[in-house]
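Hi there,

I'm passing along the structure we talked about, with some notes on what turned up in it. Have a look at it first, then read on.

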Amino acid sequence: MGLEMVAGTRVYVPDETHVWLPADVVAHDPIAQTVRAKVRGLDGAVSVREIDLRDKKTLALMAAKNAGASSALPMQNEAVGVDDMITLSYLHEAAILYNVKARFLAEHPYDSGAGKTETTKILMHHLAAIAGGLHDSTIEKIIHVSPLLESFGNAKTVRNDNSSRFGKFTQLQFDANGTLVGAKCNTYLLEKTRVVSHEPQERNYHIFYQLLAANGPDCLLDPTETYAYTGVPTATAIEGDSDAAHFTKTTQALSRLGLSGAAQTTLFQTLAGILHLGQLQLEPKGDEMSTIGHGSTGHLVAIGKLLGVETTAITRAICSRTVRTSTDTIQVYLKKAEAEGCRDALAKGLYASLFEWLVTTINASLSHDARMAHHIGVLDIFGFEHFTTNSFEQFCINYANEKLQQKFTQDVFKTVQIEYEDEGIRWAHIAFLDNADVLAVIESKLGLISLLDDEVMRPRGNEESFVAKAMTLHKDDANTVIEFPKTNKAQFTILHYAAPVTYTVTGFLEKHKDALLPDLADLVRSSSIPFVSELFGKPAAPRQGRALNTTTVGMQFKASLADLMANIQATNVQYIRCIKPNAVKQPGVLDHTMVVAQLRCAGVIEAIRIARAAYPIRHTHDAFLDLYRVLLDRKFASGHPAEQCASLIAPLNLETPTHYQLGRTKVYFQAGVLEALDQIKRTRLTVHALQIQRFARMFLARLHYRRQRAAIVKLQAVVRCVLAMKRYHALYNGMLAFQARWRGVKARRVFAVMQRRHKALVVLSHVRGFAVRQRFLRLKRAATTIQAAMRMHLERKNFQTKLAEHRDQVNMSTQLRSLRVRLQVEQTKDEEEVVAPAPSTAALLNRQRSKSSAQLVMADADGMIGRIYDDNARLRKENDDMKTMFHTIRDECDKLKQEKEMLLATHQLKLRQQDDLCREKDKTIAQLQKDLEKLRASGPSGIVPSAPTSASSKPRGSTFRTLGSKKESSSSSPPRDSHALQELEQAAILSEKSATTTQFLQDSAQKLSTALDVDPTATRLALSNGLVSARTVRASPAVSSLRDRLAGLRNKYHNIDLGDEFMPRPSVTDSVYRGSMMHSLILPPGWEMRMSRTKGRPYFLNEELRLTLWDPPTEENVARAMRKRDSAGRQSMASTTSDAQ
């Protein structure tokens, strides 16, 4: 049914990268079968594409859609993210993909794996919780078994950090009351090859890494060494916990199963022996032999100790095998490659046997078959696998999935049949495809598994012969489900339900047989450790009449699947499909290609085909009416929903059951019918939409016209207003200009008069200034003369003293020079006496006299020099004593200064209290005067009010009582009859209080006289000598304030005489302090101190250096200021240069 898709139809278009993308139809040509659509990418970008519905790639991408509508693009659903996808109007691959995506991003934004194992855990916890609670001992064991099996059966892969590498069927056992009493676990197809090899980015089973992280001393392992079977670890934590933490959980789970510490140690030693097996390096010995290298001796000894076997037996079992004939036993040596295979086979066999022992131990600890009345089975099995190279493991896995898909298909078809019967739908004509042909090729008597058994039994059987036999048997099948490539005789392809898979048969026979050499099994059985020797059990007795004495892996797996399917057939099955959203293990990322491939492999798409085989589109009556009520005639709008549906479908010329069927609660349509209904609905909606658009455009046009008319009216009003304002402003400005000109004339007249007066004042000021300047110059010359005379008078004494000292020094220098001359003369005479002849007696006497006089002169010189040194020492000592005395006096001055400040603060407090007391006294006196005036005015009949008590006049918080008052009672004195006597008593009390106050103030003033005497001259000298600080001097305004307040009190209280020392005097303010600094501070040459008018503080100026300082001009301050000025000058020159450039 080729239908034209109108513009705006929401569809899905095929895409090579993202499989399906949502789009909106722009144009559709049914004849050319091309569609032009706006496609929305996953990043939100919109692009226009041309889709050719006859293109082979497009048809291949749309193959998942039903064939009946292959000529049209799949439609989008109105609802997205629904739980039951069977209710979707359009059910196809694209709809399922985007519905799953909406549910994933909304509900599971942090899933990074498919979730089969995690879902199994959730189910186990849920079932255990509702069956008796998680704190029951049996339930607790069951819950903790799953992590134990994960340690031994899970590994990190490229897609999942905790991937299950075996199939597991857990049977929860319930008694008749519905209580969980036990559990049993069956495992399928453990991936033994992972024990000896894995991809570089993957890991071996978790238990090996846990064992290395635990670093138990009994295991003889070195965590720093890289083991061949574990490789370099690619992850340090699984599911957020380290390997050491997981090892602790593993040991706890083993303890819950009843394993003692010794048994656990033996188990871990066996695992450590497997790791040491991988470290054995085999070396060729000749052409046909091999041996274990000397570098592996340590590991060989460790294996013997851990597994309880002899090292020579290990070497013999790995490097040779025993061949038994009817008459003799022959030992055949193995090559290096064959010996390495034996080593790896022993490791795989040990681990597989240990895993089977663990499952058996778990079942023995948890199962309770005797009490089981009901059971719930939870199957956690591997999904469909399709790799670049597929081997025997993928063959078995896909075989199991085919069996499960067959059951799933039967259940889905059965569900469809039940629904059709409930709705009263005829379904005899429904047909669907089944996978029975694929299962027949695999498991029939002439199937692939049987052919593998035959090849294993043949002495010289091989994989190519197996493929040739299969091709001969199945090349002429009616339904071809197996294909054989002509280019490769070691491959065959099976058309599975999910996708065709090509298998490479290399290694099929060896993996199918999976028989351990008898020498290796005997080696393990010979162990001195009971646990290790019992892993392989006793050897099976040879079967009679068969060449194959062991059961193959394929036959075992087939039998296990048969038992599993029998259990599933006996139960009501619920299916949970787990989809892995991405391969990067990141939250919020959904890979369309990967998800669609999993939907196909999980059989979801196939189930949709089966469920929608007859009528793929179905709606309830109410939902159908809600979608297509626009097509219903109004006269049928009040009937029953089923009748309304029939009335809606009747005009559409649809046949039943070919096109649709009307059920009891739903309407069922064949593929393509609903698209036709949608086209009719869109056509009718387009007509209604055009009519609505016409009315909307009319409304908008009218609204636009009304707005334009209102705008024109408003514009005209504004224009009129502007013209009127212009006329008004012209008139207003003319009047302002006239007024301004008239005011200018009047002002100029006044200005002329004022100018004449100003000029007269200027002349007068110049004359007066000349007279004042002449008087100032005379006074200046007189002051200069007086200052010069005073300086001369003051400096004369110093000059006279210095002149006397200079004269003394000159005299002393003269005397010293004369002494030196006389000494030289005497020395010359002595020398002459030595040279001259013998003198006479008179000459001798003269010489002796001269000699004695010279000695006297020398003695006087020595005495004089000694006196000079003594005077110098004395003067230095006096200078030191004067310095000591100066420091002592300065310390005493500081102490006196502090005492004076304390005394001053105390007197200030007392004076403030007295001031408050005086104000209270004033109030009392004023009140008494008022009462006295009232008394005088009232005459002899008046009544004198009682005087206020002392308590009322005492200020709150005062330190002293009221001056001149005694402690009086709080009760007021009773009135007297004689008013004159009362008046006299009041006057006496008042005069007594006034005298007391006056006396107290005089005493206080006398005591404060010494503390308040601050002389500016003394202050200046103290500042210049460093005896007091500026802080002490700046406190002097408070002293002046006290003196002023005392003067005020004197004038206030009857002109009290406080003495001349309490008269107001100028206070030592900051200006006095600064003036004293100007006179007393000795400045370097060229520096002078000036007062700042703005800041009111002194500063230092040097006009020659062009420097100004706030601090005294020491060498350090001057150098710092000059550096700062030079730096600023360089910066200014640099900025000027940059501006010029």
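In this predicted model, three strands form an open sheet in the order β16-β17-β18, and their pairing is antiparallel. The edges are taken by β16 (482-483) and β18 (500-504); each has a single partner strand, so one side of each is left without a neighbour in the sheet. Strand β17 (residues 491-495) runs antiparallel to β18, and five bridges join the two. If you want a place to start looking, Thr493 stands opposite Thr502 in β18.

Next, the nonpolar cores. The largest one has 78 residues, and Phe152, Leu271 and Tyr351 are those with the most contacts inside it. Helix α10 (residues 336-366) provides the largest share of this core, with 12 residues. Apart from it lies another core of 52 residues, which includes Tyr12, Leu625, Ile649 and Tyr660.

Is Thr230 buried or exposed? Its relative accessibility is 2%, and because buried means under 20%, Thr230 counts as buried. Setting aside neighbours within four places in sequence, Thr230 is in contact with Phe208, Tyr209 and Leu212, as well as with His198 and Leu275.

Definitions and conventions:
Residues are numbered from 1 along each chain as its sequence is written. This is a predicted model: local features need pLDDT of at least 70, side-chain atom pairs count only at pLDDT 80 or more; totals for chains, interfaces and linings use all residues. Side-chain values use heavy atoms; hydrogens and water are left out. Buried means under 20% relative accessible area, exposed over 50%, partly exposed in between (1.4 Å probe, protein chains only). Contact means heavy atoms within 4.5 Å. Two strands pair if DSSP finds at least two bridges between them. Helices (H or I, at least four residues) and strands (E, at least two) are DSSP runs, numbered from the N terminus. A nonpolar core is a set of buried Ala, Val, Leu, Ile, Met, Phe, Trp, Tyr and Cys residues joined through side-chain atoms within 4.5 Å.
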